[in-house]
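Please consult the sequence and structure shown here.

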Amino acid sequence: MDDQVIMKDEEIAVILPARGFVKGHLIIVPLKEYVILEDVPDNTLMKMFQAANKLSAALFETLGCTGTNMLVQNGAPAGQFNKLFSINIIPRYENDGLKLEWETKQADEETLNKTVSLFQEHDKTLREKEYVAEQKKKTEEKPDEEEVEENYLSKSIERIP
Amino acid sequence: MSQPTEEELKNMSPEQIAELQKQNCLFCKIVAGEVPSKKVYEDEHFLGVLDIYPANEGHVLLMPKKHLQVMPQMPGELVGAFAVACKKVSEKLIGALQAQGTSVFIANGLHAGQKAPHFMAHVIPRNDGDSVGLAPGMKELSEKDLAEVKSKLTGGANAKETPSKKEGGKNGEKSNEGKADLDAVSKLFG
């Protein structure tokens, strides 16, 4: 059997895959091709999440499942099986045997703090880049003002005996 | 605050029980700053903290500041804002920790693996060869099952508008171009 499009509008589509995790597995895709989560424009992503949410509720009502998962496998290491970005919706039942869990280990304080620092450093770098970009934009927008100021200054300097 | 007796619980209204749950909710206390946490993301509506029992280093729990149990309880606009927050946290994991990828995992309900009564997304950094999983095996689904699901969701053979439209979004298309839709979309799956 082929994958089937069961719902669609001008921006996104809902696929019923012929090969999936379980019966009821749905996949939401944008019609434009994006590879990873970070490529997807905010508006499209918002719409996809909203559709995913409604579909989860629909699965709950129509299939009688007792839970649902939403899963984004962003990148090959995360198990991304589609070449392009998509959101998986999965109906769940008690003891359904589906393995969607991970082993946990208690993190130590030092490692946690180190990770927080890495986030903070990254945020700082981003803010600095944004600031530089903003300043550059301002400079490009007002060359005349600077020129005038410069002329005034150079004239003042010339006047010094 | 003393806990109600079993008798008192039986006589409570759903609203009262929800309020009680909120008062006892560990994550509401984290949001309120009453319980310490390792914050890595915050905006008007959401808070991201490091999981102290992580799948791996950098595992973030992204939650609404408002107490909600499962995603279907979230109003559409908040769901949209949540989508953008998930993307931002994922970007940060890649930028700050050089993660090669991320998993975004949401569990609605106990049988889906929901561990806390406060709704959240797990945003987990992923690297080649890590043991996090979240990639169940795929199997051929039976024609009968596929037909049943399709019929239940669409109430008929024709594809209808996407669910988000029901909130008053743009017009959906009719599925008379069924084959063209399938062709266009199957390309997306390689």
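How many residues does helix H4 of chain B have, and how far does helix H4 of chain B reach from its first C-alpha to its last? Helix H4(B), residues 76-97, has 22 residues and reaches 31 Å, close to the 32 Å expected at 1.5 Å a residue. This is a predicted model, in which local features need pLDDT of at least 70, side-chain atom pairs count only at pLDDT 80 or more, and totals for chains, interfaces and linings use all residues. Residues are numbered from 1 along each chain as its sequence is written, chains are lettered from A in the order in which they are written, and side-chain values use heavy atoms, leaving out hydrogens and water.

- Helices (H or I, at least four residues) and strands (E, at least two) are DSSP runs, numbered from the N terminus.
- The expected span is 1.5 Å times one less than the number of residues.
- Gln98(B) follows H4(B) with a positive phi, near 55°.
- His122(A) lies in helix H2 of chain A, residues 109-141, and is buried at 17% relative accessible area (buried: under 20%; exposed: over 50%; partly exposed: in between; 1.4 Å probe, protein chains only).
- Beyond neighbours within four places in sequence, His122(A) is in contact (heavy atoms within 4.5 Å) with Glu91(B), Lys92(B), Gly95(B) and Ala96(B).

**Helix H5(B)**
- Helix H5(B), residues 143-154, has 12 residues and reaches 16 Å, close to the 16 Å expected.
- Its buried residues include Leu146(B), Val149(B), Leu153(B) and Thr154(B).
- Seen down the axis, the buried residues of H5(B) fall within an arc of 105°, so they line one face of the helix; the arc is that of the directions from the helix axis to the C-beta atoms.
- Among the elements of chain A covering these buried residues are strands E1 (4-8), E2 (12-16) and E4 (26-30) and helix H1 (42-63).
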